[in-house]
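This report looks at a pocket and at nonpolar packing. The model comes first.

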Amino acid sequence: MSRLKKLKKIRIHREGTHILWASFLLLLLINAALYWGIDCKIPFYVVAAASIAVYLLMVNFFRCPIRLFGQDTEKIVVAPADGKIVVIEEVDENEYFHDRRLMISIFMSIVNVHANWYPVDGTIKKVAHHNGNFMKAWLPKASTENERSTVVIETPEGVEVLTRQIAGAVARRIVTYAEVGEECYIDEHMGFIKFGSRVDVYLPIGTEVCVSMGQLTTGNQTVIAKLK
């Protein structure tokens, strides 16, 4: 199956469809009750304004822009998420590699797109989900103690890259589409994290880093590293 045929071309992410419809109906009922049930319309206007603001924030959260990398992907590692670079350092990765790795972490605020993309082309070697805590996603311990999903991808050059989706203080559900043995591409969605979170990418020591601390990233667009 070609890359283009496997793309999930959607504007509002499918993970948000039911939530958005349910929220719309709930807010509609609340506002209708206030409008028809209270003679003074001031409470209605206040709640209506707040309802519109909250709903637009939710729509913004679940938006899913259609993106194509459009460049050569050989040895390229792209940002798997929109957000901000919060960690670039060598760490001990003890879940899969059991050695030192270069970790690049992207923190997603509640206003960011929360769809996640594969950071490299390749074949999926491992998928694992771990239950855990819901500490603030930018804390160092969040990478190993929070609710998380791990995806290991082997690139066509034989390099293994580990990507970890991490739930934050507000996030309560991580969705991962990856399945062991499948081919994956940079332009595909790897998953989705609902309401505030972080994505870590573990790379071999010596990988060329192409981003800096505090830099904003665009998922599927920003090149964060180049493999040796």
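## Second largest pocket

By class, eight nonpolar and two polar residues make up the lining of the second largest pocket, with no charged residues. Ala, Val, Leu, Ile, Met, Phe, Trp, Tyr, Cys and Pro count as nonpolar, Asp, Glu, Lys and Arg as charged, and the others, Gly among them, as polar. The lining includes Phe 24, Asn 31, Phe 44, Ser 51 and Tyr 55. Helix H2 (17–37) and helix H3 (42–62) each supply at least two lining residues. H3 gives the largest share, six residues. Helices are DSSP runs of H or I, at least four residues; strands are E runs, at least two.

## Basis

The model is predicted: local features need pLDDT of at least 70, and side-chain atom pairs count only at pLDDT 80 or more, while totals for chains, interfaces and linings use all residues. Residues are numbered from 1 along each chain as its sequence is written, and side-chain values use heavy atoms, without hydrogens and water.

## Nonpolar cores

The largest nonpolar core has 28 residues. Such a core is a set of buried (under 20% relative accessible area, 1.4 Å probe, protein chains only) Ala, Val, Leu, Ile, Met, Phe, Trp, Tyr and Cys residues joined through side-chain atoms within 4.5 Å. Among those with the most contacts inside this core are Val 77, Ile 104 and Leu 203. Strands S3 (99–108) and S7 (160–167) are among the elements giving it two or more residues. The largest share, four residues, comes from S3.

Val 77 touches (heavy atoms within 4.5 Å) Pro 119, Val 201, Leu 203 and Ile 224, among others, not counting residues up to four places away in sequence.

Notes. 1 Å grid on protein atoms, 1.4 Å probe; cavity = no way out; pocket = protein on both sides within 12 Å on 5 of 7 lines; lining within 4 Å. Buried < 20%, exposed > 50% of the residue type's maximum accessible area, 1.4 Å probe, protein only.
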